[in-house]
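Let's take a walk around a ligand and see what the protein puts next to it. Have a look at the model first.

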Amino acid sequence: MKFVSPEQASAETGWDVVIIGSGFGSLFFLKRYLEKRPADRILILERGRNNSTEWQLENRLNSDIPPEETYIHGEGSGKPWDFTIGLGGSTNCWWGLTPRMHPSDFKVGTSTGKGADWPIDYDDLVPYWQELEQVMLIAGSSDIGRVYPGTENYPQPAHQLTTADEIMVREGNGNHFPMPTAKLSRSVGARGRCCSTAKCNLCPVGAKFTAFNAMQDTLSHPSVSIAVGCEVTHLDVTGGSVSAVNFKHAGREYAAKSDLCVLGANAIHSPFIFQRSGIAGHGVGRYLGEKMLADVEVMLGGLDHFDGGTDSTAINVSILEEGRSAEFANSIYLVKNNLLHGLRLEPGRWRQTLPITLYVEDVFDYENGVFDDGSDKPVVRFNGWSDYAMAGLDHAIARIPDIFAPLPIEDILVHGIKPTLGHIQGSLRMGWSIEDSVVDAGMIAHAARNLCVVGTSVFPTPASANPTLTAAALSYRAVDQMLG
Ligand SMILES: Cc1cc2nc3c(=O)[nH]c(=O)nc-3n(C[C@H](O)[C@H](O)[C@H](O)COP(=O)(O)OP(=O)(O)OC[C@H]3O[C@@H](n4cnc5c(N)ncnc54)[C@H](O)[C@@H]3O)c2cc1C
Ligand code: SF4
């Protein structure tokens, strides 16, 4: 990797592209861009440090900058938000689960009268999902193509299911599949296969995809220069274009000039940069949220669990497939093969417990968001999940006995809603015009036509699926829309 100082980053006469942040949105944009314009001069401005995998494992941390030190809770809003500040962004801390969004997820507004539609459809993303599932070496089963059309054979075989999953696949309603994951089921080069230790933010064997173990070609490309420890504060916009990217390092201020600016500083920090730059759009910083994560434990009568090959072995999409309701949000079930709630206490029955995690979608509320109070940190306000999401949670719990009927269910314990699952989304949403959104369907800001926003901030609705495969697909698509 070619690291440059802040002075070198700003002294240059100008860059072809300046990319802000080095997480999923940014690096997949960069990867695709380099395929088309390998000779362009590209600068990455990254706020955090270059914390190597070795540093992370040794310190049991993904970053030396805790997320909560980078924002302020708005009055009455104590909800935490999780992400990594550092080179590679949240490719470091994520858990590698990579389902696609469901075809119905793009039309939540039309089908429920709540939330927004996406300005693109499932079919627009199919070629990008297909390509990225190969690039990211996803392990999975093409059987899931019944629900997600256009799924091709995955490059890695699915992880071993648990016995409970196998019963669900054999005797259930046809909606239980191995979870697609960016965790190797077979070793590749120096990366080991997943051994189901379930410490996935700090994977000890490199089974989980990260920027460091799988995007070195992109980060080390001769056209790419990286300046770490450089916090972008604001953009200068003149005549509808970004003319300079302003950043600070060790208390000093700098500016880098560029023809194209790509903003991928996550769904809390990207809108803050927008706000401090005075860039217009409907809902800049608003509609922030994340889906809800709730934990349930199914007590099994005489069936042992925890014999699968990875941390989250299966996804059950029964509720998605039943069709969207205006009354309650959609959701998915994830079968966990990890000791989230410990073992049972009864002798001989220790493993007769099945942890299930529910992901419940929400619709973003205009009142939830990132606000600029004039200090150097964004104020984040979140008034809680909507009634639609709460009803979705109740519905998902109530349906467990029926959907999981093939299993010997003794009891269902609800462990409650987690404060965060790290899927921050919204805040610079995509749409049709500056009257309804901040960026267009190609993720170009309506108000600054050489500014492309990448990452999960552009999601108009969160859906119930994990967002990152889709964020990567959106980055690939944005480059193709821009450069053909
Ligand atoms: C614990 C955890 C587990 C997760 N597991 C999964 C999963 O299994 N599957 C899934 O799909 N998703 C998962 N996610 C979510 C996933 O990590 C995010 O969806 C994804 O990283 C979002 O990409 P992004 O590019 O928007 O932001 P990020 O990847 O977070 O990148 C943002 C980048 O911007 C940098 N930055 C921030 N502010 C500035 C600034 N002012 N100047 C310069 N740089 C800046 C950051 O340091 C970082 O490099 C998980 C998240 C967490 C926290
Ligand atoms: S389960 Fe263990 S080996 Fe597999 S990705 Fe997670 S930490 Fe790595």
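## Ground rules

Helices (H or I, at least four residues) and strands (E, at least two) are DSSP runs, numbered from the N terminus. A residue counts as near a molecule or strand if one of its heavy atoms lies within 4 Å of it.

This is a predicted model, where local features need pLDDT of at least 70, side-chain atom pairs count only at pLDDT 80 or more, and totals for chains, interfaces and linings use all residues. Residues are numbered from 1 along each chain as its sequence is written, chains are lettered from A and ligands numbered from 1 in the order in which they are written, and side-chain values use heavy atoms, with hydrogens and water left out.

## Who sits around ligand 1

There are 35 residues around ligand 1, and Gly25, Glu46, Ser90, Leu97 and Thr468 come nearest. At least two shell residues each come from α2 (24-36), β8 (231-238) and α9 (266-277). The largest share, three residues, belongs to α9.

Sorted by class, the shell has 13 nonpolar, 18 polar and four charged residues. Here Ala, Val, Leu, Ile, Met, Phe, Trp, Tyr, Cys and Pro are nonpolar, Asp, Glu, Lys and Arg are charged, and the others, Gly among them, are polar.

## Backbone contacts

Polar contacts are pairs of N or O atoms within 3.5 Å. A polar backbone atom of tryptophan 95 is 2.9 Å from a nitrogen atom of ligand 1. For serine 22, a polar backbone atom is 3.2 Å from a ligand oxygen atom.

Methods. A polar contact is a pair of N or O atoms within 3.5 Å; within protein, one must be able to donate a hydrogen and the other to accept it, and residues adjacent in sequence count only if both atoms are side-chain atoms.
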